[in-house]
Amino acid sequence: MQVADQKSMRVLFIGNSYTYYNDLPWLIKQLAESAQETRTLETEMVVVGGATLKNHWKRGEALKLLKAKPWDYVVLQEQSTLPITNPQEMYKYASLFDAQIKRVNSQTVFYLTWARQNQPEKQQILSDSYMNIAKELKAKVAPVGIVWQKIQEENLKLNLYTSDQSHPSPIGSYVAACVFYTTLYGNSPVGLSRRIYSSDSSTPQQNNRIELESLSETNAQMIQNLVDSIVKKNSEVSIQESESINNIFL
């Protein structure tokens, strides 16, 4: 059984365009660097546009990479509307992946996504689907969609979507990155970098990077504080549920 290097945190992302738009794993890495984390973040992703977990399971590439290298966490992202239209299929393949993730001594993290911009009423169903399977499998959840919903309620001037009303804008991906940073490292994102750079630049020097967005200090603080509050609240609920389950068997 392989064990991940303790000097780095290794995360495998399995999903689709909600993961590769604006290169979410890279944005999380930039936040970890901004925080000067002692464990650097190393990521790889297996992503196909529009793919479901079933598609990934059948293709086999994700399973092959899962078994080939050591991972601290494996992030599972279901196709955007499937948790609403067919949660049974989601649960089936999430459970199959989770069993394999546990076999290689890693931990599952569910990427709880957001409802379409013109269907905000679907967020609760989407959130419930992810939270229910995570509770059943004792997995972690990165509650991105829940934070998106709260941001939209508090400040509609921040556009988290692209023009297709589905995919994340640079700000939307920044919010997701803050959620994942806090979920994976357990630390608050408050005070971290508020500049969003593209990962496509060929030179690593900050001065030569292409800046996609620079949030105002006020907006950055609002996002970071909401992320901190919601992720911590979500974690506390998970811990309480685990303790309640354990108490039954004491």
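1. Not counting residues up to four places away in sequence, Met90 touches Leu53, Glu78, Leu82, Pro83, Ser129, Tyr130 and Ile133, where contact means heavy atoms within 4.5 Å. The model is predicted, so local features need pLDDT of at least 70 and side-chain atom pairs count only at pLDDT 80 or more, whereas totals for chains, interfaces and linings use all residues. Residues are numbered from 1 along each chain as its sequence is written, and side-chain values use heavy atoms, with hydrogens and water left out.

2. Met90 is found in helix 6 (residues 87–103); helices (H or I, at least four residues) and strands (E, at least two) are DSSP runs numbered from the N terminus. Met90 counts as buried because its relative accessibility is 0%, the terms being buried under 20% relative accessible area, exposed over 50% and partly exposed in between, with a 1.4 Å probe and protein chains only. The C-alpha atoms of Met90 and Tyr130 are separated by 9.1 Å, although the two residues are 40 residues apart along the chain.

3. Five strands form an open sheet in the order 2-1-3-4-5, with parallel pairing, and two strands pair if DSSP finds at least two bridges between them. Strand 2 (40–47) and strand 5 (140–142) stand at the edges with a single partner strand each, so one side of each is left without a neighbour in the sheet.

4. Strand 1 (residues 8–15) and strand 3 (residues 73–76) pair in the parallel sense over four bridges, and Phe13 stands opposite Val75 in strand 3.

5. On confidence, the chain averages a pLDDT (the predictor's confidence in each residue, from 0 to 100) of 90, and 88% of the residues score at least 70. Over residues 242–250 pLDDT stays under 50, and the model has zero contacts beyond four places in sequence for them. Where pLDDT is low, the predicted coordinates should not be read in detail.
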